[in-house]
Amino acid sequence: MATEFETAHRALYSFLMDRPIVVEAVAAEAVGVGEQPDLSSLGAAATENPQEPEGIRLYARGAWRRARLLRREALRADDTVRGPAVLTEDGATTVVDEGWRATVGPVGHLVLEREAARALPAVGTRADPVLLEVFNNLFMSVARQMGARLEATAQSVNIKERLDFSCAVFDPDGNLVANAPHIPVHLGSMGTTVKEVVARRRGAMRPGDAYAVNDPYHGGPTCRTSPS
């Protein structure tokens with residue numbers, strides 16, 4: 001247990017503390033094997049005369065299309081449905097898009113696989129609001145995770161309890177990309193500090209390097225930067 005704890009601690013915090021391990025709480029979980037359900041009907045042989053599918057209108061990829069409508073219960077093992085199609089059952093609806101196929105497994109599982117390669121549009125210079133939101137959340141997540149790691153590993157009461165810190169992501173020129181909502185009072189000087197570090201150390205910075213700055217004339221006190 002101690003070895004597993006230390007492995008998990010190192011993976012999460014990147015270091016081990018030279019302290020005895022204290023077991024504060026213990027939880028136990030028991031799993032019992034109950035009566036197995038009868039799935040033989042789902043794994044029956046494929047139907048020789050499958051039901052003629054009903055056609056419906058399906059809005060996909062920006063246009064209305066014709067799609068097959070099938071009842072899930074009518075499918076048997078090894079039956080394959082190629083999209084566009086809609087599979088309905090009492091508790092769910094499965095849409096098989098164009099370029100995909102759905103195959104019924106031996107015990108009734110529905111396996112969806114892509115048949116046709118996805119055509120990705122070229123990313124141009126025009127701002128895509130969807131991609132902009134995706135990347136915005138990605139960068140914000142990085143900043144939040146930086147703060148979570150700092151809070152969890154800090155020994156200082158100011159950091160661990162008062163949360164007196166800020167974390168942000170900057171571009172190679174020191175411009176702010178994303179900042180986590182910790183204490184934003186630091187962010188006004190962080191950009192200047194990062195730009196000063198980049199200006200002094202450009203060409204010599206390597207992934208994993210850390211810089212501690214405490215110069216009030218170049219950004220402000222107590223700022224730590226790390227290139228990635």
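Which residue forms a salt bridge with Glu115, the closest N and O atoms being 3.1 Å apart? Please read on with two cautions. This is a predicted model, where local features need pLDDT of at least 70 and side-chain atom pairs count only at pLDDT 80 or more, while totals for chains, interfaces and linings use all residues. Residues are numbered from 1 along each chain as its sequence is written, and side-chain values use heavy atoms, leaving out hydrogens and water.

1. The partner is Arg101; a salt bridge here is a side-chain nitrogen of Lys or Arg within 4 Å of a carboxyl oxygen of Asp or Glu. Glu115 lies in the loop between β7 and α2 and Arg101 in strand β6, so this pair ties together parts 14 residues apart in sequence.

2. Glu115 also forms a salt bridge with Arg82, with the closest N and O atoms 2.8 Å apart. Arg82, Arg101, Glu113 and Glu115 are linked in a network of such bridges.

3. In total, the structure holds nine salt bridges. Another one joins Arg65 and Glu98, at 3.3 Å between the closest N and O atoms.

4. There is one aromatic pair (ring centres within 6.5 Å, using the six-membered ring of Trp; planes under 30 degrees apart are stacked, over 60 edge-to-face, the rest tilted). Tyr59 and Trp64 form it edge-to-face, 5.2 Å centre to centre with 70 degrees between the planes.

Conventions. Helices (H or I, at least four residues) and strands (E, at least two) are DSSP runs, numbered from the N terminus.
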